[in-house]
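Hello,

Here is the structure I said I would pass on. Please look through it first, then read the notes below alongside it.

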Amino acid sequence: MTSTAQSQTDRPDPTVIAAQNDAFRKLACLGVPPAQSIQGRMHVTSSLMEAGDGFMAEAVKATGEFAAFEPENDPEGWHDFGAVEIRGETVFWKIDLYEADSDFRYGAETPDNPATTTRVLTIMLARDW
């Protein structure tokens with residue numbers, strides 16, 4: 001019997017992915033340019049857009065500023081999910097990593113390589129999940 005488990009050295013470095021995800025969130029949400037180019041886009045759900053009275057702007061800003069990563073909410077260490085409270089409402093955000101030239105059909109083969117990975121940040125009300 002042979003094992004096909006991926007060796008530790010073949011796995012992408014979670015600290016590199018976390019730094020790239022943090023840099024992308026800060027670019028998309030706060031306009032802070034990253035040290036190196038990062039491809040991606042941000043989406044918000046229609047219910048977040050319809051919340052009115054500056055709610056969406058507060059949610060986007062809180063997403064960009066989020067830094068409360070713990071093993072319980074970030075088990076892989078990629079900084080790819082978070083939850084923030086805005087006016088008593090829970091807002092989720094999630095970053096998915098895709099192969100850059102796949103039209104968002106395939107996950108990133110080398111998620112720690114920003115030249116071949118496109119990030120998609122989605123921000124939504126928790127009740128939209």
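H79 has a relative accessible area of 17%, so it counts as buried, the cut-off being under 20%. Please keep in mind that this is a predicted model. H79 sits in the loop between α3 and β2. Its side chain makes a polar contact of 2.8 Å with the side chain of D22. Leaving out residues up to four places away in sequence, H79 touches A18, N21, D22, R25, F69, D74, W93 and I95.

**The sheet**

How are the strands arranged? There are 4 of them in an open sheet, in the order β1-β4-β3-β2, and the pairing is mixed. β1 and β2 are the edge strands, each pairing on one side only. From one strand to the next, the twist averages 20°.

β2 and β3 pair in the antiparallel sense, over 6 bridges.

Which strands does α1 lie across? α1 lies across β1, β3 and β4, and runs at about 60° to β4. α3 lies across β1, β2, β3 and β4, and its angle to β2 is about 135°.

Helix α3 covers residues 55–65, and its buried residues are F55, A59, V60, A62, T63 and G64. These buried residues pack against the helices α1 (14–30) and α2 (46–49), and against the strands β1 (39–44), β2 (81–86), β3 (89–99) and β4 (117–125).

In soluble globular proteins, nonpolar side chains tend to be buried together. In this model the largest nonpolar core has 22 residues, and those that touch the most other members are I86, V91, W93, L121 and I123. Two or more residues of this core come from each of α1, α3, β2, β3 and β4.

Apart from neighbours within four places in sequence, W93 is in contact with R25, T63, F66, F69, H79, D80, F81, G82, A83, L121, T122 and I123.

**Two residues with positive phi**

Which loop holds R87? R87 is in the loop between β2 and β3. The hairpin of these strands has 2 residues between them, and R87 takes a positive phi near 50° there. R87 is a residue other than glycine. R87 counts as partly exposed because its relative accessibility is 48%, which falls between the cut-offs of 20% and 50%.

F104 is the other case to look at: its phi is positive, about 65°, although F104 is not a glycine. F104 lies in the loop between β3 and β4. Is F104 buried, partly exposed or exposed? With a relative accessible area of 33%, F104 is partly exposed.

Regards

Key. Residues are numbered from 1 along each chain as its sequence is written. This is a predicted model: local features need pLDDT of at least 70, side-chain atom pairs count only at pLDDT 80 or more; totals for chains, interfaces and linings use all residues. Side-chain values use heavy atoms; hydrogens and water are left out. Buried means under 20% relative accessible area, exposed over 50%, partly exposed in between (1.4 Å probe, protein chains only). Contact means heavy atoms within 4.5 Å. Two strands pair if DSSP finds at least two bridges between them. Axes are lines fitted to C-alpha atoms, for helices over the stretch in contact, and angles run from 0 to 180 degrees between N-to-C directions. A nonpolar core is a set of buried Ala, Val, Leu, Ile, Met, Phe, Trp, Tyr and Cys residues joined through side-chain atoms within 4.5 Å. A polar contact is a pair of N or O atoms within 3.5 Å; within protein, one must be able to donate a hydrogen and the other to accept it, and residues adjacent in sequence count only if both atoms are side-chain atoms.
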